[in-house]
Amino acid sequence: MGDGEPERGEYSPDEAGEEDEEDDDDEEEEALSEQKEEEQEPAPCPLTEEVLKEGLSLLSKTGNGLAHAYVKFEAKSKNLTDISLLECFIHLRYVDLSENKLQDLSPLSSLTHLLWLKVDGNLLTRACMQELPYLQIISFARNCIKDTEGITHPRLANLSLKENKIQTLQGLSHGQLFSLQILELRGNMLESTAGLNLPKLKNLYLAQNAIRNLEGLEGLEQLTTLHLRDNQLETLDGFCSSMKCLQYLNLRNNGISSFQEVAKLQVLPMLQALVLMENPCSDEPNYRLEVLVLLPHLQRLDKELFEEDEQAEANEIRQKRQEEEKEIEGSLEGNVAE
C-alpha cells in the first residue's frame with residue numbers, strides 16, 4: 001500500500017468531506033420537503049359564529065310548515081378549513097363554499113334537504129360524499145379530485161368536475177346517478193371516454209383533456225350535445241347509431257386528418273351542427289363541401305350555416321359519386337360472372 005493511502009475500512013479526509021456534504025444535502029432536501037408539506041397543509045381556519053351569521057340568508061318555511069329557518073348559506077374566500085358548525089343547520093338547501101381550503105365535506109352529511117352545492121376552488125381530493133336524497137346540482141370545479149368514485153346522489157341532474165386531475169371515468173354509473181343530465185369534465189387528465197354508463201345524460205363536456213380513444217359511448221342514447229374540443233383524437237371510431245339524439249358535436253383542435261374519419265359520423269342520424277376547425281382535414285381543398293357531401297343532414301359547420309347553393313352542389317356531387325360506385329360494382333359483378 002502506497003504512502004498516504006488509507007487502509008481498508010478507513011476514510012480519507014477528502015472522502016469524509018464528500019460524505020459530510022452529501023449528508024448535508026440530504027438534510028437540506030428533507031427540510032425543504034417538510035417545508036413544502038407544511039406550506040401545502042393550510043393553517044386551521046374553522047367556520048366561526050360570526051362568519052356563519054354573515055352568510056345565512058333566505059328565510060323559508062321548514063318541512064312541516066310550522067316554523068321558519070334560513071335555507072341559504074354563502075361563505076366564499078374565507079380560507080375555511082373546517083365547516084363543522086354547519087352540521088346543525090339541517091334545513092339548508094343552497095350552500096356556496098367556493099374559494100376556501102376545504103379538504104373534508106363530511107359535515108354536510110346531515111344536510112338532507114340540500115338541493116344545490118358549490119365548492120369550487122378548494123383542496124378536495126375526492127368527490128365522495130354521503131348520499132343526499134334531494135341534491136340536484138353540485139360544482140366541484142378547480143379542486144384536486146383524482147377519480148369519480150362515490151358520487152351517488154339519486155336526484156343529481158347537473159355535476160361539474162371541471163379543472164381537476166381525473167384520469168378515468170370509472171364509477172359514474174346509472175345505478176347511482178340515474179337522473180344525471182349534464183356532466184362537465186373539461187380540463188382534466190382523461191385519455192379515454194370508457195366508463196360512462198349514463199343513459200339519461202344529455203350534455204357532456206370533455207374539452208381540454210388528453211382523450212385519444214372514444215369508448216363506451218353506445219349507452220348515451222339521450223345525449224344531444226358532446227364537446228371534445230382540444231383533445232388528441234386522430235380517429236372517430238366509437239360513435240354509433242344508438243346515439244340517436246346527438247345534434248351538436250365539437251371536435252375543434254384534434255388530429256382528424258382525413259374525410260374517411262369524418263364519414264364515420266354518418267351513423268349519427270340527428271347530427272345538425274359540427275365543429276371541425278383546427279383539425280388537419282379543415283385545411284383540405286373544398287373542406288366545407290366535402291363534409292356536406294358526407295353528412296347531408298348537417299345544417300352548420302364551424303358555426304356557419306350551409307347556404308342553399310352549397311347544399312345543392314353537395315347533392316349533385318353525392319349523386320354523381322353514388323352513380324359511379326354503382327357502375328364500378330356492376331362492372332365487378334360482370335367480371336365475376338364471366
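**Briefing on a predicted single-chain model**

A search of the whole structure finds 0 disulfides. The model is predicted, with a mean pLDDT of 88 for the chain. In all, 86% of the residues reach a pLDDT of 70 or more.

**Confidence**
- Residues 1-24 have a pLDDT that stays under 50, and the model gives this stretch 5 contacts beyond four places in sequence.
- Where pLDDT is low, the predicted coordinates should not be read in detail.

**Cysteines**
- A disulfide is a covalent bond that joins the sulfur atoms of two cysteines.
- C88 has a relative accessible area of 66% and is therefore classed as exposed, the cut-off for that class being over 50%.
- C240 counts as buried because its relative accessibility is 18%, and buried means under 20%.

**Largest pocket**
- The volume of the largest pocket is about 150 Å³.
- Its lining consists of Q103, D104, L105, S106, L108, S109, L124, T125, R126, C128, M129 and Q130.
- Sorted by class, the lining of the largest pocket comprises 5 nonpolar, 5 polar and 2 charged residues.

**Helix 4**
- Helix 4 spans residues 287-294 and is mostly covered, with 8 of its 8 residues buried.
- The buried residues of helix 4 are Y287, R288, L289, E290, V291, L292, V293 and L294.

Key. Residues are numbered from 1 along each chain as its sequence is written. This is a predicted model: local features need pLDDT of at least 70, side-chain atom pairs count only at pLDDT 80 or more; totals for chains, interfaces and linings use all residues. Side-chain values use heavy atoms; hydrogens and water are left out. pLDDT is the predictor's confidence in each residue, from 0 to 100. Contact means heavy atoms within 4.5 Å. A disulfide is a pair of cysteine sulfur atoms within 2.5 Å. Buried means under 20% relative accessible area, exposed over 50%, partly exposed in between (1.4 Å probe, protein chains only). On a 1 Å grid over the protein atoms alone, a cavity is a set of points where a 1.4 Å probe fits but cannot get out, and a pocket is an open set with protein on both sides within 12 Å along at least five of seven lines; lining residues have an atom within 4 Å of a point. Grid points are joined across faces, edges and corners, and a volume is the space filled by probe spheres set on the points. Ala, Val, Leu, Ile, Met, Phe, Trp, Tyr, Cys and Pro count as nonpolar, Asp, Glu, Lys and Arg as charged, and the others, Gly among them, as polar. Helices (H or I, at least four residues) and strands (E, at least two) are DSSP runs, numbered from the N terminus.
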